[in-house]
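Here's a quick briefing to get you started with this structure. Take a look at it first, then read on.

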Amino acid sequence: MENKSNPSLSINKDTTSQASQFLRFLLLPDTNLMVSLSQIAAVLKIPFGKIVPVPDMPSWVMGVYNWRGEIVWMIDLGQLLGFTPWYEQSVTASNHKAVVIHPSNQNIKSLTTGELVGLVVSDIQDIEMCHTDNLHSPPASAITPELAPFLRGYWIKDNGEIIVTVDGDSIFAAMPKK
């Protein structure tokens with residue numbers, strides 16, 4: 001079944017699998033990623049200087065941010081995944097863009113504190129409908145060791161665009177332990 005209002009969005013005719021919604025975002029210079037919409041708590045613009053650094057953390061942990069009384073651990077997703085770190089990018093905006101996620105499994109309690117993580121990204125793009133059956137596993141030789149633990153798969157859209165799917169729960173598992 002084709003979505004007539006958006007020709008780039010196609011829905012698989014296989015009725016045995018369910019389409020899932022994913023939020024697509026960009027890491028500079030040209031990496032498209034997506035994470036399941038079911039794990040997203042918010043999308044935020046955070047002014048520079050509002051993320052408070054925390055000492056003795058991995059370099060990809062930028063610090064913490066107070067969002068509505070909740071502590072959100074802000075991470076440089078590009079650096080965590082082995083792409084260009086945020087501090088090496090030429091940033092012209094006055095805000096960080098962050099996708100705030102929560103664990104899909106309530107038994108995941110590996111964060112230093114809190115249950116929210118903010119993924120600092122270059123740009124928020126769109127919501128995609130994708131059948132999880134359409135996610136492919138890349139060959140081991142095609143991915144970096146930094147990306148491998150967080151990779152859920154990749155999706156090739158009808159227009160040939162490749163979108164990497166990251167697993168939010170794996171990001172939580174990588175956070176420093178208490």
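pLDDT is the predictor's confidence in each residue, from 0 to 100. In this predicted model, the protein chain averages a pLDDT of 81, and 83% of the residues score at least 70.

**Ground rules**
- Local features need pLDDT of at least 70 and side-chain atom pairs count only at pLDDT 80 or more, while totals for chains, interfaces and linings use all residues.
- Residues are numbered from 1 along each chain as its sequence is written, and side-chain values use heavy atoms, with hydrogens and water left out.

**Confidence**
- Residues 1–15 have a pLDDT below 50; beyond near neighbours in sequence, this stretch has 12 contacts in the model (contact means heavy atoms within 4.5 Å).
- Where pLDDT is low, the predicted coordinates should not be read in detail.

**Overall layout**
- You'll find 2 helices and 10 strands in the protein chain (DSSP runs numbered from the N terminus: helices are H or I, at least four residues, and strands are E, at least two).
- From the N terminus on, the order is β-β-β-β-β-α-β-β-β-β-β-α.
- Of the 178 residues, 43% are buried (under 20% relative accessible area, 1.4 Å probe, protein chains only).

**A look at His 96**
- His 96 sits in strand E6 (residues 95–101).
- His 96 counts as buried because its relative accessibility is 6%.
- Leaving aside neighbours within four places in sequence, His 96 is in contact with several residues, including Leu 44, Phe 48, Trp 86 and Val 120.

Note on methods
Buried means under 20% relative accessible area, exposed over 50%, partly exposed in between (1.4 Å probe, protein chains only).
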